[in-house]
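Try each task before you read its solution.

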Amino acid sequence: MHHDSRGPRPAAVIHRKWPFDEKPLLIFWETTKACMLACKHCRASAILEPLPGELSHEEGIKLIDDIAGFGKPSPILVFTGGDPLMRKDIWSLVARAKEHDITVAMAPAITPKLTDAEIRKMVEMGVSGISISLDGSRPEIHDSIRGVSGVFKRSIEIIRSMLDSGLRVQVNTAVMRDNVEDLADIVKLLIDLGVRVWEVFYLIPVGRAQKELDLSPKEWEDVSHFLYEASKYGIVVRTSEGPMFRRVAVMRRLLELHGYDPDEILKPGPLYHRLVSRLRSLLGEPKGKPLASTTGTRDGKGILFISHDGLVYPSGFMPYPVGNVRKESIVKIYRENELLRKIRAAEFEGKCGICEFRDICGGSRARAYTLLGDPLAEDPACPYNPGEFTRLVEKLGLDTDKAIKDIEGLKYVLPPKPDASKP
């Protein structure tokens, strides 16, 4: 189900001190490719039936046991797909993870499989977070992207039901040509629903996602500027395959802390101004601090993806195999694979290799691989010229040491789990 593989990230303070060289923060396991939806941008190119070669129940149990080998605190294990509920043994696998005290999250598809009984099961099994996709604020946008009519209405019902049950719900939105002008309306919808975490996926033209759905680098930059402003309305904003958002968040916040208007100095483009104007018309002026997540994970650094057949990738959007869990331990693969080590060390080519933001950002490795054929190449969606902001900081005489603590505060702790007993 594409970016649903970027599942929810449960309640934990995510420090930069996480030992990224030793263990990932998030492991996404594509438990199956089977899914009842037919989304036009699906990373998995999902199908109705499981493919031959899917990890068996026994292999799944061994994989979970191997993940426990990373030691405590364990990586968060996200069961994704396809649709994880298409696997008959899914709850047995969740139970095994819980035996090891591994934090579990899920990314189910909105299909008839996702019943009230399954939602109750998620609560009973202690699933820490659920991600649900909303790619539009209205049925005609979302259902068109999802390829099935009625999915929007059901998605809203499911989100409400899960929140009422006390589950933490993260909404995922894949940004593309079809829905980019709808982003401000999606923010309003999330606030109305009571959703507090929004993960925004910057489209990678892979699987069903075609190049005509992609935005230009300047448009992606405008989206990043907009998302920072959206994060001032009480919603935590994170991105997948859009690490440049972190650069933009740091730049805007630093300027704000010194009394400058980021729009005047950074000059975002017309898409940004359209979206922010719409946001303000819907919600008024923001009253809160930005809740923009700037944790420096990226494909292969803090993130790992295991495909349905046991192949290991730096992420679900980067089909570049770095190992196979049928042949060696996931711990060994993560720690010793040469490409993963280079990614973690920010040994990139082109602009990404010399950028002052290469650690907090580092560009989308999946996009570099998909569009340029090299997982260490620069991210072709980023228009930033390395050194520009450093020179601006010097020119304006900004005190970066004074502001750094506040910028560190952009990292976010998920809000407390809602109390299901309260009305």
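**Exercise 1. Work out how E336 and K332 are placed along their helix, and how their side chains meet.**

This is a predicted model, so read every value here as computed from predicted coordinates.

Step 1. Find the two residues: both belong to helix α11, four residues apart, which means that about one helical turn separates E336 from K332.

Step 2. Check the charged atoms. The closest N and O atoms of E336 and K332 are 3.5 Å apart, and a salt bridge needs such a pair within 4 Å. The two side chains therefore form a salt bridge, by the 4 Å limit.

Step 3. Widen the view to a network. Salt bridges with shared partners connect E229, K232, R252, R253, E256, D263, R280 and E285. In total, the structure holds 30 salt bridges.

**Exercise 2. For the salt bridges D65 to R96 and D182 to R138, find which parts of the chain are linked and how exposed each residue is.**

Step 1. Take D65 and R96: their side chains meet at 2.9 Å, N to O. D65 sits in helix α1 and R96 in helix α2 (residues 90-99), so this bridge links distant parts of the chain, 31 residues apart.

Step 2. Compare the accessibilities with the class limits. D65 has 28% relative accessibility and is partly exposed, and R96, with 26%, is partly exposed as well.

Step 3. Turn to D182 and R138, where the closest N and O atoms are 3.4 Å apart. D182 is in the loop between β5 (169-175) and α6 (183-193), while R138 is in the loop between β4 (129-133) and α4 (139-146); the two are 44 residues apart.

Step 4. Classify these two residues. D182 is buried, at a relative accessible area of 4%, whereas R138 is partly exposed at 36%.

**Exercise 3. Describe the aromatic pairs F70 with Y334 and F357 with Y384, and say which parts each one ties together.**

Step 1. Start with the total: the structure holds eight aromatic pairs.

Step 2. Inspect F70 and Y334. Their ring centres are 6.1 Å apart and the planes make an angle of 85°. Planes over 60 degrees apart count as edge-to-face, and this pair is edge-to-face.

Step 3. F70 lies in the loop between α1 (57-68) and β2 (76-80), and Y334 in helix α11 (residues 330-336), so the pair ties together parts 264 residues apart in sequence. Both F70 and Y334 are buried.

Step 4. F357 lies in the loop between α13 (350-354) and α14 (365-372), and Y384 in the loop between α14 and α15 (388-396), so parts 27 residues apart are tied together.

Step 5. Finish with burial and clustering. F357 and Y384 are buried, and ring pairs link F357, Y384 and F389 into a cluster.

**Exercise 4. Find where N324 lies and what N324 touches.**

Step 1. N324 is placed in strand β11 (residues 323-324).

Step 2. Its relative accessible area is 15%, so N324 is buried, given the limit of under 20%.

Step 3. Not counting residues up to four places away in sequence, N324 touches D309, G310, L311, V312 and I333.

Methods
Residues are numbered from 1 along each chain as its sequence is written. This is a predicted model: local features need pLDDT of at least 70, side-chain atom pairs count only at pLDDT 80 or more; totals for chains, interfaces and linings use all residues. Side-chain values use heavy atoms; hydrogens and water are left out. Rings of Phe, Tyr and Trp (its six-membered ring) pair if their centres lie within 6.5 Å; planes under 30 degrees apart count as stacked, over 60 as edge-to-face and the rest as tilted. Buried means under 20% relative accessible area, exposed over 50%, partly exposed in between (1.4 Å probe, protein chains only). Contact means heavy atoms within 4.5 Å.
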